[in-house]
Amino acid sequence: MEEKEMNLEETEVNELDELKKSLLAEKKDIFAEMTTEKIDAAYEYAKGYMQFLDNGKTERECVYEAEKMLKAEGFKPYTFGMKVAAGEKYYYNNRAKSFVAFVVGTESLENGVYFTASHIDSPRIDLKQHPLYETEGIGYLKTHYYGGIKKYQWTAIPLALHGAVTKRNGETVDVIIGEDPTDPVFYISDLLPHLASKQMSKTLSEGIGGEQLNLISGARPYSDKAEKDAVKLNVMKLLNDKYGIVEADFLCAELSAVPAFTARDVGLDRSLIASYGHDDRVCSYPSLTALVDVKAPKHTIMAVLADKEEIGSEGNTGMQSQVYFDIIAELAKSFGVSDAVVRANSKCLSSDVNAAFDPNFPEPMEKMNSCYVNGGVVITKYTGARGKSGSNDASAEFCGYVRDVLDEAGVIWQTGELGKVDAGGGGTVAKYIASKNIDVIDLGVPVLSMHSPYELVSKVDVYMTHLAIKAFFEA
Ligand code: MN
Ligand code: MN
């Protein structure tokens, strides 16, 4: 009698488990799901990514790296009006600041282009057009920050100067100072705590002002004579010696101060990567590696690396530029099919980062709907602020499509929402793609300390993003 009852209870427990399993969602443990070989592959993959980060600290440098990488894989430069054929691989360098690469599929182009859109610009400190001055014997460069930053984070750290200057003769020279370990770096000073009682009582956003982000560029006068502007003159002379530029050339320059740090493993287990500019090179690099990995795709597949996302996707190199859709239209023309039909059947992953839940700062996060470090690639159905305003909000059907693709490929994924309702918000390039009648959803890597000079991501999450994009390209 007693034994029978126990069996009944066991059956009930099993049924309950079955029911739970079939009805309730379960969170996957990425390290339990991944084999040791796969985790090793993720660590190996991270090495290539970290090299990409160190070589590409501006959109120009990322374009250069992408071009180098794809040329080595047999991609050829694309020009408008070209006749293309299945299996051919091309890249398009848009003004050295944004980049498109694609592989022509074996199926009709009318079935759509499957593409990713990520961005290769990151928050930074740009030089103003008249940057050069000295005061109290210290040489400075005036700046205007680019993108959303917490200004206080950019003081008292080593900064490198990157960019390009167009000289009077029309020649454009590339500038990099502060990356070689023997190079000098630039520096923004902060107030010592002893005298900062007034500053410390201000809010974090007011503690360092925009006009205080002045880069120290030198402190020694030309010919060691303390004449007026002799430090400024010396700085200009040194720049002239190295790059042949004069002060008036700053008017025609793109010069940015970025952290002089290199990407480093974080944690004794080396499971994390700290670097400047994960947002959004952490999605741009996997887009390129996935594009290279997929041989003979059915659909035409494409990776777009856009510029100016951090300031609203503006300009002719930002995602709002027509150039990306002109390329699709030119491809349609090459096959004699309708551009509108191609776009209507196209699918896109707006590949951008999301904010990972930070146990150190749980307050603005909603635990149930945040994404997590080591949770896998994150799908973000909607972004926006104050009632989803400014969001693409992907359809149930397209979410379902992407879920099936990822599940079939064994990709570990999670969903994420950017913080609590009304805690703030943000946006991505997704809406600019959706407006061209293309199905699009955000997908990318969870990031800690986003938009700081040294952001943090997990190696397995980065690798899952590569696998996710690869699966999407292979679908
Ligand atoms: Mn960003
Ligand atoms: Mn981003």
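The predicted model folds its chain into 13 helices and 22 strands. With a radius of gyration of 25 Å, close to the 23 Å that the globule rule gives for 475 residues, the chain is as compact as a globular protein of that length. Along the principal axes, the C-alpha atoms fill a box of roughly 100 × 65 × 45 Å. Of the contacts with a separation of 6 or more, 75% join residues 24 or more positions apart. The accessible surface amounts to about 22,900 Å², with 53% of it belonging to carbon and sulfur atoms.

Turning to charge, the chain carries 50 positive and 71 negative side chains, and the centres of these two sets are 7 Å apart. Side chains of opposite charge can pair when their charged atoms come close, and the structure holds 24 salt bridges.

Three of these pairs are worth a visit. K228 and D229 meet through their side chains at 3.5 Å, N to O; K228 is exposed, at 75% relative accessible area, while D229 is partly exposed, at 28%. K232 pairs with E247 at 3.3 Å. Because K232 sits in helix α7 (residues 230–243) and E247 in the loop between α7 and β10 (253–259), this bridge ties together parts that are 15 residues apart in sequence. K232 is buried at 19% relative accessibility, and E247 is partly exposed at 36%.

Within helix α10 (residues 339–344), D339 and R343 lie four residues apart, about one turn of the helix, and form a salt bridge at 3.3 Å. Here D339 is partly exposed, at 24%, whereas R343 counts as buried, at 18%. Elsewhere, salt bridges with shared partners link E59, R60, K97, R124, D126, E254, D307 and K308 into one network.

Key:
Residues are numbered from 1 along each chain as its sequence is written. Chains are lettered from A and ligands numbered from 1 in the order in which they are written. This is a predicted model: local features need pLDDT of at least 70, side-chain atom pairs count only at pLDDT 80 or more; totals for chains, interfaces and linings use all residues. Side-chain values use heavy atoms; hydrogens and water are left out. Helices (H or I, at least four residues) and strands (E, at least two) are DSSP runs, numbered from the N terminus. The radius of gyration is taken over C-alpha atoms; the globule rule is 2.2 Å times the number of residues to the power 0.38. Contact means heavy atoms within 4.5 Å. Accessible areas come from the Shrake-Rupley method with a 1.4 Å probe; for residues, only the protein chains shown count as cover. Lys and Arg count as positive and Asp and Glu as negative; His and the chain ends are not counted. The place of a charge is taken as NZ of Lys, CZ of Arg, CG of Asp or CD of Glu. A salt bridge is a side-chain nitrogen of Lys or Arg within 4 Å of a carboxyl oxygen of Asp or Glu. Buried means under 20% relative accessible area, exposed over 50%, partly exposed in between (1.4 Å probe, protein chains only).
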